[in-house]
Amino acid sequence: MASKTAKTSTVPFADAPINASLTAEQKIDLLRTMVRIRRFEQTSLKYYHDGHIGGFLHLYIGQESVAVGSISLLGENDHVITAYRDHGHALAVGMGMDECMAELFGKKTGCSKGKGGSMHYFAPDKNYWGGHGIVGGQTPLGAGLAFALKYKGLKGCCLCYLGDGAINQGAFHEALNLAALWDLPVIYIIENNGYSMGTSQARSSAFPKEGLAARAEGYNMAWKKIDGVSLYEIRAGVQEAVARAHEESKPTMLEIMTYRHKGHSVADANAEKYRTKEEIQKYMNEHDPIEFWKNVLIGEGVITEEDYKAINKEAGAEAEASAAFAIKSPYPDESEIFDDIYWEVDNNTEAGRTGRHFFHG
Amino acid sequence: MPREITYREALREGLDEELARDENVCIIGEEVAQYNGAYKVTEGLWKKWGDKRVIDAPISEAGFIGMGIGASMLGIRPVMELMFYSFAYVAFDQMMNNAATCRYMSGGLTNCPIVVRGPANGGTNVGATHSHTPENIFANMPGLKVVTPSNPYDAKGLIKSAIRDNDPVYFMESTVLYGMTGLVPSNDELEGGELIVPIGKARVSREGSDLTLLAHGRAVVTSLAAAEILGAQHGISVEVVDLRSIRPLDEETIMASVRKTHRAIYVEENKPFCGVGAQISSMIMEQAFDDLDAPVLRITSADAPAFYSPPIEKLQLPTADEIVARALTIC
Ligand SMILES: Cc1ncc(C[n+]2csc(CCOP(=O)(O)OP(=O)(O)O)c2C)c(N)n1
Ligand SMILES: [Mg+2]
């Protein structure tokens with residue numbers, strides 16, 4: 001790879017302390033993680049079409065910078081929770097492609113043993129609390145993770161991601177009030193990709209002209225709107241919120257502007273009806289976060305076009321290898337249907353042995 | 001001429017006819033209008049009826065269903081679509097508390113003619129959060145009606161009755177059945193010029209004399225397949241009774257069938273604990289104990305959340321083979 005010391009950059013937010021301190025290796029790692037997410041998603045799409053994957057598949061292509069930029073700021077006591085478009089966050093927290101791909105294939109080796117599928121990835125060992133299928137359902141849980149951190153006296157925060165459509169769930173508003181009222185160190189990150197399924201933001205939300213996050217004003221909560229194409233801008237904006245959570249135990253609402261290149265899910269037959277082809281092309285050509293970051297790094301002399309190709313190739317090979325791993329992994333056993341329902345039963349405790357827990361047959 | 005149409009088309013025809021009949025009928029839900037419905041049930045209705053009658057809602061189920069309940073008190077007849085019935089759980093207070101009890105608490109001064117419809121089924125590998133079957137839960141609450149059509153004919157006839165009903169009707173469909181085809185008469189061949197299936201009348205889907213399979217929703221289809229096998233391979237004559245609605249319940253048809261065959265199995269994709277079959281087997285025990293030649297059995301989904309893994313989830317749902325095997329233990 002290219003030089004360890006980067007040239008000074010004129011890209012906006014490059015001089016924010018959190019960015020100025022990045023080493024060349026770290027910058028390349030950020031690129032690699034985004035590229036790995038994209039290749040993972042492209043590979044899963046291919047295998048979905050080949051019939052290896054069931055149910056829903058919501059791809060993160062186009063939004064990679066949001067998870068990668070924000071999660072790159074986290075430390076030991078910081079936690080992550082998101083909705084069903086969860087593969088990007090999973091790889092960003094350090095989950096492996098193998099267990100992620102195997103989960104899509106419904107295999108025993110999947111991160112949730114084949115039980116959760118695409119929408120329900122979990123890795124508590126990496127402070128990753130899902131993967132939630134019900135729109136907005138994760139938002140009170142995010143407040144809860146923050147409550148637990150504060151209760152235990154830990155200096156940490158919870159990044160809770162949600163979509164621009166999810167902001168209209170009642171549970172989210174109750175959670176916002178709790179977070180502000182009780183000073184919970186939670187950071188709500190609205191990934192504003194402009195659409196909730198086929199409904200544009202204008203048709204789904206009433207909000208102040210400053211943007212969706214400005215709704216936070218009503219809760220006396222800090223907020224900020226961030227352009228999601230640039231990792232520098234995301235890192236600078238999210239870092240302020242992380243500091244606010246760590247130092248003052250205060251919540252923040254962030255709105256990160258982004259775009260999904262694909263349909264809502266693989267089943268979205270109307271993806272090119274509610275959005276024009278031109279609009280999609282424009283975002284792919286002019287607002288692609290990977291393309292943007294690659295050019296930043298080339299401009300700074302951190303990588304060359306050749307380096308980028310090598311990263312891309314390596315990520316593609318890793319994704320293919322994860323699919324091969326998934327294919328050769330076994331399906332779960334029928335007997336596992338009744339595992340993982342009650343902790344007490346799984347652990348064969350006194351409580352788990354007392355009374356009848358299951359009523360089949 | 002009866003036409004072969006899908007369950008989805010049958011529902012759409014019913015909705016379309018009711019939109020035409022009564023200007024107070026409107027459709028509200030996520031992606032029901034411009035997107036033509038997540039499962040295409042409402043395809044074309046927005047184009048035909050416009051923004052006032054077919055309305056796209058934000059992802060605010062508690063808000064828009066509660067709003068529909070309020071509007072129904074003032075004479076609107078909202079037909080609310082839940083993209084999945086699993087999402088009823090975020091609107092639970094509105095659906096279980098407000099819709100069901102306003103009438104009672106007002107001493108009969110109010111009523112809520114709302115319909116909440118959408119697919120309530122597992123079996124499509126979408127994971128536990130999206131695979132709930134809440135028919136027993138809502139039927140538990142007096143004041144609510146629960147309807148579960150198993151075929152296109154009933155889907156059309158029942159949705160029309162549901163919209164005309166003056167009480168809250170929770171109408172549970174199945175994504176697996178949307179593409180199912182069946183004969184549905186056209187209006188010109190019907191007396192009265194339209195297809196109405198009353199809520200509270202079961203259907204004897206297949207006559208038999210040795211065993212009654214009682215079922216609702218998609219379990220009816222599975223039961224009919226099992227009945228064929230039991231007849232062809234085991235010489236057992238099976239009657240299949242499709243409840244069509246869980247509440248109100250057609251007790252007479254159920255008991256008449258059990259008195260005729262002397263054996264009954266309840267088949268459902270609901271979970272076993274306090275499932276619909278639990279209620280019905282208790283009623284059979286109380287009312288037809290002396291007519292029974294064997295204990296009433298229940299075949300349900302596995303008593304576990306839905307497993308994503310496609311080959312495993314399949315094992316969680318009742319199958320024709322399972323029905324055959326259990327039937328052979330009592331016949
Ligand atoms: C309570 C609930 N209602 C509806 C849905 C169906 N649904 C899944 S995703 C989605 C759109 C969400 O859009 P947004 O919040 O913007 O997130 P994005 O998909 O754009 O990431 C809808 C309507 C659901 N899963 N849960
Ligand atoms: Mg969105």
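Mentor: We begin with metal donors: these are N, O and S atoms within 2.8 Å of the metal, and water is not among the atoms, so sites may look incomplete. Keep in mind that this is a predicted model.

Trainee: Which residues coordinate the magnesium ion (ligand 2)?

Mentor: The magnesium ion (ligand 2) is held at 2.1 Å by A:D164 through OD, A:N193 through OD1 and A:Y195 through O. Along the chain, these donors are spaced as D-x28-N-x1-Y. A:D164 sits in the loop between β2 (158-163) and α7 (170-181) of chain A, while A:Y195 is in strand β4 (residues 195-196) of chain A. The two are 31 residues apart, and the pair links distant parts of the chain.

Trainee: Are A:D164 and A:Y195 buried or exposed?

Mentor: The word buried stands for under 20% relative accessible area. A:D164 and A:Y195 are both buried.

Trainee: Now the other ligand. How many residues surround ligand 1, and which are the closest?

Mentor: A residue counts here if one of its heavy atoms lies within 4 Å of the molecule. For ligand 1 there are 21 such residues, and the closest are A:Y84, A:R85, A:G165, A:N193 and B:E61. Because the residues around ligand 1 come from chains A and B, the site is shared between chains.

Trainee: Which backbone atoms lie close enough to ligand 1 to count as polar contacts?

Mentor: A polar contact is a pair of N or O atoms within 3.5 Å. A backbone N or O atom of A:G165 is 2.9 Å from an oxygen atom of ligand 1. For A:V135, a backbone N or O atom is 3.0 Å from a nitrogen atom of ligand 1. A polar backbone atom of A:Y195 lies 3.0 Å from an oxygen atom of ligand 1. Ligand 1 taken alone exposes 580 Å², of which the protein buries 96%. The space that ligand 1 takes is the largest pocket.

Trainee: What about polar contacts within the protein? Which side chain does A:T199 meet?

Mentor: The side chains of A:T199 and B:E31 are joined by a polar contact of 2.9 Å. A:T199 belongs to strand β5 (residues 199-200) of chain A. With a relative accessible area of 4%, A:T199 is buried. There is another case in chain B: a polar atom of the B:R12 side chain lies 3.1 Å from the backbone oxygen of B:V41. B:R12 is part of helix α1 (residues 7-21) of chain B, and its relative accessible area of 19% makes B:R12 buried.

Trainee: Next, the backbone itself. What is the value of omega between B:R247 and B:P248?

Mentor: Omega is about 0° there, and the peptide bond joining B:R247 and B:P248 is cis. B:P248 is located in the loop between β12 (245-247) and α8 (251-261) of chain B.

Trainee: And phi? What is its value at A:F13 and at A:D183?

Mentor: Look for a positive phi in a residue other than glycine. Phi of A:F13 is near 75°, and phi of A:D183 is near 50°. A:F13 falls in the segment before α1 (17-20) of chain A, whereas A:D183 is in the loop between α7 and β3 (186-192) of chain A. A:F13 is partly exposed, at 35% relative accessible area. A:D183 is partly exposed too, at 25%.

Technical notes: Residues numbered from 1 in each chain as written. Chains lettered and ligands numbered in written order. Predicted model: local features only at pLDDT ≥ 70, side-chain atom pairs only at ≥ 80, totals over all residues. Heavy atoms only, no water. Donors = N, O, S within 2.8 Å, 3.2 Å for Na, K, Ca; no water. Helix = DSSP H or I, 4+ residues; strand = E, 2+ residues; numbered from the N terminus. Buried < 20%, exposed > 50% of the residue type's maximum accessible area, 1.4 Å probe, protein only. Polar contact = N/O pair within 3.5 Å; in protein donor to acceptor, adjacent residues only side chain to side chain. Areas by Shrake-Rupley, 256 points an atom, 1.4 Å probe, with all protein chains shown as cover. 1 Å grid on protein atoms, 1.4 Å probe; cavity = no way out; pocket = protein on both sides within 12 Å on 5 of 7 lines; lining within 4 Å. Sits in = over half its atoms within 2 Å of the grid points.
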